[in-house]
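Please look over the structure shown here, and then read the briefing that follows, which is arranged by topic.

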Amino acid sequence: MTMKKGVTLILFLILSHHAFSQELNFTVIINSERARIQNTTIFTQMKTSFEQFLNGRSWTNDEFKPEERIKGNLLITINDVPQVGTYNATVQIQIVRPVYGTNYESLLFNFADRNWSFNYIESQPLEFNRFTFLNNISSLLAYYAQIALGMDYDSFESRGGDVFYVAANDIVNNAQQAGNGWGQSTSDKRNRYWLINDIYTSSVFSAIRDAYYLYHRQGLDILLIEPDQAYQNILEAIKIVAKANSTQPNGIFVISFMDAKSDEISKILKNAPLEVRTEAVKLLLQVDPNNARKYNELLKS
């Protein structure tokens, strides 16, 4: 009996450690209205399978408590089903990050992946090998898992996401044969290749990773206790993004940063000193002119 209890305890500790080392807490939402398929149970199974792939494995050697897991949404729209088991879709990836000392969650990443084709059959196991392309499902899910980890780690430590971006870059390189958003397209730069290129490879756009750290760890996280310093650091983050954009306009990393942050910036800076707001608005109008009305409101408060 004592031996059985000992074995049970060891198994419990192993399982507990494994559970605590799972890093992601993603919700997958599948919109299949355009698919016009009567039997939608396949999409229920697909959702479960994709969530298990993302949330049910360990992506790092670090320990994560359940409340520390990185939250995100994967919003999949099935555009058409050209043949049984083949799907053409778009994907919206959103990642959120808690702000220290508050109940507020900041939208860390917001990206629309417009070109994803994949094959899926019921009860299909999803296997993945970082160094070998196996299929378009596991590669895409693993790619955005690495992006999520990289973004999160960068926001807590300067350039802390390096190892994850290396992995994401490996996934892209191995998937070149698959086309569909993995290649070096010049006509469509809103894809997986150009995203990791801007984040990790580009000397111009990779500087925006420093903006993520300044904005979140040195900005939002200290806003309640050191507001003046926080506003200055947020302004410095905006300067970095603006500099990258002026050097090479319309980079996908700049666009994704502003897609995630434009609403938040326009709300947070309302209480900033006038000189900070004035300089920030000048830069924001250059980087993100489509939201000019929103930013100009900052000068009226």
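Arg 36 lies in the loop between β1 (24-31) and α2 (41-55), where helices (H or I, at least four residues) and strands (E, at least two) are DSSP runs numbered from the N terminus. This is a predicted model, in which local features need pLDDT of at least 70 and side-chain atom pairs count only at pLDDT 80 or more, while totals for chains, interfaces and linings use all residues. Residues are numbered from 1 along each chain as its sequence is written, and side-chain values use heavy atoms, with hydrogens and water left out.

**Two arginines with positive phi**

- Most residues other than glycine have a negative phi.
- Arg 36, which is not a glycine, has a positive phi near 55°, and Arg 36 counts as exposed because its relative accessibility is 78% (buried means under 20% relative accessible area, exposed over 50%, and partly exposed in between, with a 1.4 Å probe and protein chains only).
- Arg 159, found in the loop between α3 and α4, also has a positive phi, near 60°, and at 30% relative accessibility Arg 159 counts as partly exposed.

- Ile 78 belongs to strand β2 (residues 70-83) and counts as buried, because its relative accessibility is 0%.
- Although Ile 78 and Arg 36 are 42 residues apart in sequence, they are 9.7 Å apart in space, C-alpha to C-alpha.
- Leaving out residues up to four places away in sequence, the residues that Ile 78 touches include Ile 30, Arg 34, Ala 35, Phe 43, Tyr 87 and Phe 118, where contact means heavy atoms within 4.5 Å.

**The packing of α4 and α5**

- α4 and helix α5 (residues 192-201) pack at an angle of about 150°, and their axes are 10 Å apart; axes are lines fitted to C-alpha atoms, for helices over the stretch in contact, and angles run from 0 to 180 degrees between N-to-C directions.
- On the α4 side, the residues that meet α5 are Asp 162, Tyr 165, Val 166, Ala 168, Asn 169 and Val 172, and among their partners in α5 are Arg 192, Tyr 193 and Ile 196.
- By class, this contact of α4 with α5 has eight nonpolar, two polar and two charged residues (Ala, Val, Leu, Ile, Met, Phe, Trp, Tyr, Cys and Pro count as nonpolar, Asp, Glu, Lys and Arg as charged, and the others, Gly among them, as polar).

**Cavities**

- A search of the whole structure finds two cavities of 30 Å³ or more; on a 1 Å grid over the protein atoms alone, a cavity is a set of points where a 1.4 Å probe fits but cannot get out, and lining residues have an atom within 4 Å of a point.
- The largest cavity has a volume of about 60 Å³, a volume being the space filled by probe spheres set on the grid points, which are joined across faces, edges and corners.
- Its lining includes Phe 128, Arg 130, Phe 133, Leu 134, Ile 171 and Asn 174, and the elements that give two or more residues to this lining are α3 (136-156) and α4 (162-174).
- By class, the lining of the largest cavity has four nonpolar, five polar and one charged residues.
- The second largest cavity, with a volume of about 30 Å³, is lined by Ile 238, Val 241, Ala 242, Phe 257, Met 258, Leu 284 and Val 287.
- The elements that give two or more residues to the lining of the second largest cavity are α7 (227-247), α8 (252-268) and α9 (274-287), and the largest share, three residues, comes from α7.
- The lining of the second largest cavity has seven nonpolar, no polar and no charged residues.

Definitions and conventions: 1 Å grid on protein atoms, 1.4 Å probe; cavity = no way out; pocket = protein on both sides within 12 Å on 5 of 7 lines; lining within 4 Å.
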